[in-house]
Amino acid sequence: MYDIDPRFILDIMVLLKRRKKDINMKYDYLVVGSGLYGAIFAHEANKRGKKVLVIDKRPNIAGNIYTEEVEGINVHKYGAHIFHTNNKEVWQYITQFAEFNRFTNSPVANYKGELFSLPFNMYTFNKMWGVVTPEEAAAKIEEQRQEIKGEPKNLEEQAISLVGRDIYEKLIKGYTEKQWGRPCNELPSFIIKRLPVRLTFDNNYFNALYQGIPMGGYTKMVENMLEGIEVRLNTDYLENKEELDSLADKVVYTGPIDAYFNYKLGTLEYRSVRFETEVLDKPNFQGNAAVNYTDAETPWTRIIEHKWFEFGTQPKTVISREYSSEWKLGDEPYYPVNDEKNGALYAEYKKLGEAETKVIFGGRLGEYKYYDMDAVIAAALAKVKEVFE
């Protein structure tokens, strides 16, 4: 009988464990979700020589900015996405992957057949009240604002204090209540704190220094980001978590943070959107990319005519009616309900996330935050800098 030094056995076990780990761990990063945040992180990690695997449970890349070609038109499958930013660094970064056109968002509001310009500007005020000069418009708004005394207590009072009763009733109330599924006097005032009011004839909704649509669609842009990176579609991370986690040293997770933790603290709330898309055998349906239906009776919130994002000349057109709805498990989450209750719940999930040393949580769902595209890009680049520099 030979005595074996326990330290020798321990060394062998460590070596075997390490060997097993080396066999299983083929990747430095597993990126869950191929939307903007995930695609940017994957691109930057790959550029730095890291081995990256991107997975997505959908059958396509690009997340909610996915576009698919129908009748020669790039259709925004998950709602209109119009890129706009004042951040020069973000603009220079994203234009590496696509050439952007000069599209400017100038939506139209349809109230029971009456058409108004958005954002609220001199065209709007002229149509609403017949005023011609900025002084007349300002006086009319000021007169109607006087209805609200003291600090606005809800969205309705906030809107009236900014633009008056007439504009609120015709262009804000019905649209907002459809969008959020709640009366305006039950919604928090901060939702509408920065309502743009212009005493000029400027229809440029975003008023951003850089804006446009990637020529050829967003999907092509994301393809360019993911060039040379392994991508697996139709792959549900949470259903195969243990197996997928074993493939990489680190995970970048861009799905819902509460789903990651199996909703153990409760479910975060979202608003969802349903789309009815149809091809029409005519070249022009509404003459504009976006028309908002601001009366309460029309069931949809807006109609998107996709060809106008790229100044289309196709013989047919494709439109999408958007219906806002309360989110339930199984639906696509779109807009976080950033009220006090959900904010407090997210803060608890965020603490759990910070304890997961192997996982980076990012993006709209991972951070439970309504992000414009430029803010997603900035957040992803900031995380890349934090991780690699």
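Two strands are taken to pair if DSSP finds at least two bridges between them, strands (E, at least two residues) and helices (H or I, at least four) being DSSP runs numbered from the N terminus. The model is predicted: local features need pLDDT of at least 70 and side-chain atom pairs count only at pLDDT 80 or more, while totals for chains, interfaces and linings use all residues. Residues are numbered from 1 along each chain as its sequence is written, and side-chain values use heavy atoms, with hydrogens and water left out.

Strand E3 (residues 67-70) runs antiparallel to E4, the two being joined by four bridges. Glu 69 has Asn 74 of E4 as its bridge partner. Two residues lie between the strands of this hairpin, in which Glu 71 takes a positive phi near 55°. From strand E4 (residues 73-76), Ile 73 and Val 75 point one way and Asn 74 and His 76 the other way, and all are buried (under 20% relative accessible area, 1.4 Å probe, protein chains only).

A further sheet is open, with seven strands in the order E7-E6-E12-E13-E14-E11-E15 and mixed pairing. Its edge strands, E7 (114-117) and E15 (335-336), each pair on one side only. Within the sheet, E12 (residues 290-293) and E13 (residues 302-305) pair in the antiparallel sense over three bridges, and Ala 290 has Ile 304 in E13 as its bridge partner.

Terms used: Buried means under 20% relative accessible area, exposed over 50%, partly exposed in between (1.4 Å probe, protein chains only).
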